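Subject: Structure handover

Hello,

Here is the structure for your files. My notes on it follow below.

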Amino acid sequence: METIFFTIVAAVTVLSGIMVVTCRNPINSALSLILTFFCIATLYVTLDAPFMAAVQVLVYAGAIMVLIVFVIMLLNIRSEVGRRYTHAGIIGTVVGFLMLVLTFNFLNNSSLTGAKGLITTDVINKIGHTELIARSMFTDFLLPFEITSILLLVAIIGAVILSKKKI
Amino acid sequence: MLSLHSYLILSAILFSIGAIGVLIRRNAIVIFMCVELMLNSVNLTFIAFSKYLGNMDGQIFVFFVMTVAAAEAAVGLALMIAFYKNRESIDVEDLNLMKW
């Protein structure tokens, strides 16, 4: 049952991922990308990470994709017509497939050797996923968390300055 | 129970699709979306490893990746709007000011 569910979700994810690359109209690409994000959120739920699934839907499928769709509609981009033949298309596809083959080769000859931690499914169900994340984030990862706020501040300033009338 | 390999293979396929998209598309916004796809496939790897190793640290990293992606979206789209104002196009082949 679990395997069948995973197979279906994985197939939808890969197909919508291919649609992102192959659609001529950027709006269709953006809608396919939203579908991909939702499928990945579903996979997070099967991996015992419900909080990350919620954040995935809110931040990626919500905030970032709204921004992208907004910009596509604001700029009124038409779909690409009469695509010129370029070597980049062929070479890019070949390089991508080579990368995939190499990764498969690596995955087939590898096994999990790291030490197992204490967080099992039972622990997550007992304590709660959000609380576990919060504990980890505000104790072990407090400094990276604070640095993230500086990154966001820089991004805000950068976006405001770049969208001024005269740069 | 599903093995870790099935998640890693799915993630590898998604990453390759994103990489191919970055290499073959010329529309800057589509390239941007393909980068988001690659970031998401890496997030999937992080969470799969986090579950199968029984460790929470991977999920915190996913959090930081999402923050960086949000910052990148804000700055990248502002750049694209500024570029479109100057050139009336967001084709990456028109980005040739610094080419010699």
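Where in chain A is Asp48(A) found? Asp48(A) sits in the loop between helix 2 (26-46) and helix 3 (50-75) of chain A; helices (H or I, at least four residues) and strands (E, at least two) are DSSP runs, numbered from the N terminus.

On conventions: this is a predicted model, in which local features need pLDDT of at least 70 and side-chain atom pairs count only at pLDDT 80 or more, while totals for chains, interfaces and linings use all residues. Residues are numbered from 1 along each chain as its sequence is written, chains are lettered from A and ligands numbered from 1 in the order in which they are written, and side-chain values use heavy atoms, with hydrogens and water left out.

Asp48(A) is buried, at a relative accessible area of 18%. The classes are buried for under 20% relative accessible area, exposed for over 50%, and partly exposed in between (1.4 Å probe, protein chains only). Its phi is near 60°, a positive value in a residue other than glycine. Most residues other than glycine have a negative phi. Glu88(B) also has a phi near 60°. Glu88(B) lies in the segment after helix 3 of chain B and is exposed, with a relative accessible area of 59%.

The interface

The side chain of Asp48(A) forms a salt bridge with that of Lys51(B), at 3.0 Å from N to O. A salt bridge here is a side-chain nitrogen of Lys or Arg within 4 Å of a carboxyl oxygen of Asp or Glu. Between chain B and chain A the count is one salt bridge. Twelve residue pairs are in polar contact across this interface, both residues at pLDDT 80 or more. A polar contact is a pair of N or O atoms within 3.5 Å; within protein, one must be able to donate a hydrogen and the other to accept it, and residues adjacent in sequence count only if both atoms are side-chain atoms.

On the side of chain B that touches chain A, helix 1, helix 2 (28-53) and helix 3 (57-87) of chain B each supply at least two residues. Helix 3 of chain B gives the most, with 24 residues. By type, the residues on that side are 51 nonpolar, eleven polar and eight charged. Ala, Val, Leu, Ile, Met, Phe, Trp, Tyr, Cys and Pro count as nonpolar, Asp, Glu, Lys and Arg as charged, and the others, Gly among them, as polar.

The contact involves 70 residues from chain B and 84 residues from chain A, where contact means heavy atoms within 4.5 Å. The two chains bury about 6,600 Å² between them, 77% of it on carbon and sulfur atoms. Buried area is the accessible area (1.4 Å probe) that two parts lose on being put together, summed over both.

Ile17(B)

Ile17(B) is in helix 1 (residues 4-24) of chain B. Ile17(B) counts as buried because its relative accessibility is 11%. Neighbours within four places in sequence aside, Ile17(B) contacts Val14(A), Gly17(A), Ile18(A), Val21(A) and Leu37(B).

Chain B overall

Chain B has three helices and zero strands, in the pattern α-α-α along the sequence. Its C-alpha atoms fill a box of roughly 55 × 25 × 20 Å along the principal axes. Of the 100 residues in chain B, 60% are buried.

Regards
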